[in-house]
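Subject: Structure handover

Hello,

Here is the structure for you to look over.

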Amino acid sequence: MGLKVVSSAIISFSLLLLLASTAKAQSNGVLDVTKYDGKEDITEALNNAWKDACASTNPSKVLIPSGTYSLRQVTLAGPCKAAIELQVDGILKAPVNPDQFSGGSWVDFRHVDQLTLSGSGTFDGQGNVAWSKSTCNKDKNCEGLPMNIRFDFITNGLVRDITTRDSKNFHVNVLGCKNLTFQHFTMTAPGESINTDGIHIGQSTGIYIIDSNIGTGDDCISVGDGTEELHVTGVTCGPGHGISVGSLGRYPNEKPVSGIFVKNCTISNTANGVRIKSWPDLYGGAASNMHFEDIVMNNVQNPVVVDQEYCPWNQCSLKSPSKVKISDVSFKNIRGTSATPVVVKLACSGGIPCEKVELADINLVYSGSEGPAKSQCSNVKPTISGIMSASGC
């Protein structure tokens, strides 16, 4: 019942399974299933369509048309013989029960070159039940929940126009990728949801996040070790915990972080703004060449932070300083309103002080009862230029 892939083929899942009987029209290998009621599970159809497309020596597209579909845990793997696109125009719903997953993700793309994920559709993780039962906000040994989407070892990829909603854990995890762009990408979950980071990146090079909207219960973007050349531009962040580099220094043999550029972003109603964080008393590491520029803060707690005493759940000792070296960092043209009186806090390591830190044109207003706005700096001597609305550093 399958369809052979041809040049520039578009494969509809419904053509590859028993859904064919619901078709209203078929032309040039494209099956119109817009009137399909969407109650069936499309996991097998997706797997079959992906395998056919991946085996094609010509660029191919797999299409999920408009509608609502159930999708179980799936891995879409390469290497493929040519460029491949998955166009999602429907709403995909994950299993509600986390026990139906084995491993840490719902949809996993891996080892694909020239991957495009596009469309007006939504990956709905249906995380509400999982959040209500999770103990991960207070138990470091809690059982991890599945992420909505993983990108593992993707090269020359593009993700555009897609939405991911209510993931049980991180919305997106990026590992071992090179030259991967997210554009007009939307990630959304309630502000009180647990560990629902927008995009977490680790051990990857050349990642671009452009003109995207992220509002979750944790970091909008979090940067792990081994990340190089990350460019974040035109992102709207909030609610959540802001844009964070780290946490670093928690595990042995972490790779350096370098070349982080966050520019022209708006952060609103978050627990932090732009932040660099590392653990004390544990392992070494390095983070350098990190630049945050042209950022608007709207009612943000802790708008500008370097925290080398990051120690949630008291899992470490503050008696010994962080072994992570932070250098060549700039915060420029950061403006707007703060929900807390300390608008700039640079708490660097007492063992390896921060070096080459620049504050330029920091214009953050705090209008609460604990005012005026102030800054705090330890184990760092930042270069300050232009406007500095908060004294102290």
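I start with the cysteines. A disulfide links Cys-220 and Cys-237, with 2.1 Å from S to S. Bear in mind that this is a predicted model. The link of Cys-220 and Cys-237 is right-handed, with 85° about the S-S bond. Cys-220 sits in the loop between strand 20 (213-215) and strand 21 (221-223), and Cys-237 sits in strand 23 (residues 236-237), so the pair ties together parts that are 17 residues apart in sequence. Cys-220 and Cys-237 are both buried.

That pair is one of four disulfides in the count. Another is formed by Cys-54 and Cys-80, whose sulfur atoms are 2.1 Å apart. The link of Cys-54 and Cys-80 is left-handed, at -105° about the S-S bond.

Next come Cys-348 and Cys-354. They are joined by a disulfide with an S to S distance of 2.0 Å. The Cys-348 and Cys-354 link is left-handed, with -105° about the S-S bond. Why does Cys-348 count as buried? Its relative accessibility is 4%, and the cut-off for buried is under 20%. Cys-354 counts as buried because its relative accessibility is 8%.

Two further cysteines are worth a look. Cys-177 has 1% relative accessibility, so it counts as buried. Cys-265 is in no disulfide. How far from Cys-265 is the nearest cysteine sulfur? That sulfur belongs to Cys-237 and is 8.4 Å away.

Now the strands. Strand 29 (residues 323-338) and strand 31 (residues 355-365) run parallel, joined by nine bridges. One point to find on screen is Ser-330, whose bridge partner in strand 31 is Glu-358. Strand 31 also pairs with strand 33 (residues 383-388), again in the parallel sense, over four bridges. There, Leu-359 has Ile-384 in strand 33 as its bridge partner. In a regular strand the side chains alternate between the two faces of the sheet.

Last, the cavities. The structure has two cavities of 30 Å³ or more. The second largest cavity holds about 30 Å³ of space. Its lining is made up of Ile-221, Val-223, Leu-230, Val-232, Ile-243, Ser-244, Val-245, Ile-260, Val-262 and Phe-292. Strand 21, strand 22 (228-233), strand 24 (243-248) and strand 25 (257-268) each give two or more residues to this lining. Which strand gives the largest share of the lining of the second largest cavity? Strand 24 does, with three residues. By class, the lining of the second largest cavity has nine nonpolar residues, one polar residue and no charged residues.

Best regards

Technical notes: Residues are numbered from 1 along each chain as its sequence is written. This is a predicted model: local features need pLDDT of at least 70, side-chain atom pairs count only at pLDDT 80 or more; totals for chains, interfaces and linings use all residues. Side-chain values use heavy atoms; hydrogens and water are left out. A disulfide is a pair of cysteine sulfur atoms within 2.5 Å. Buried means under 20% relative accessible area, exposed over 50%, partly exposed in between (1.4 Å probe, protein chains only). Two strands pair if DSSP finds at least two bridges between them. On a 1 Å grid over the protein atoms alone, a cavity is a set of points where a 1.4 Å probe fits but cannot get out, and a pocket is an open set with protein on both sides within 12 Å along at least five of seven lines; lining residues have an atom within 4 Å of a point. Grid points are joined across faces, edges and corners, and a volume is the space filled by probe spheres set on the points. Ala, Val, Leu, Ile, Met, Phe, Trp, Tyr, Cys and Pro count as nonpolar, Asp, Glu, Lys and Arg as charged, and the others, Gly among them, as polar.
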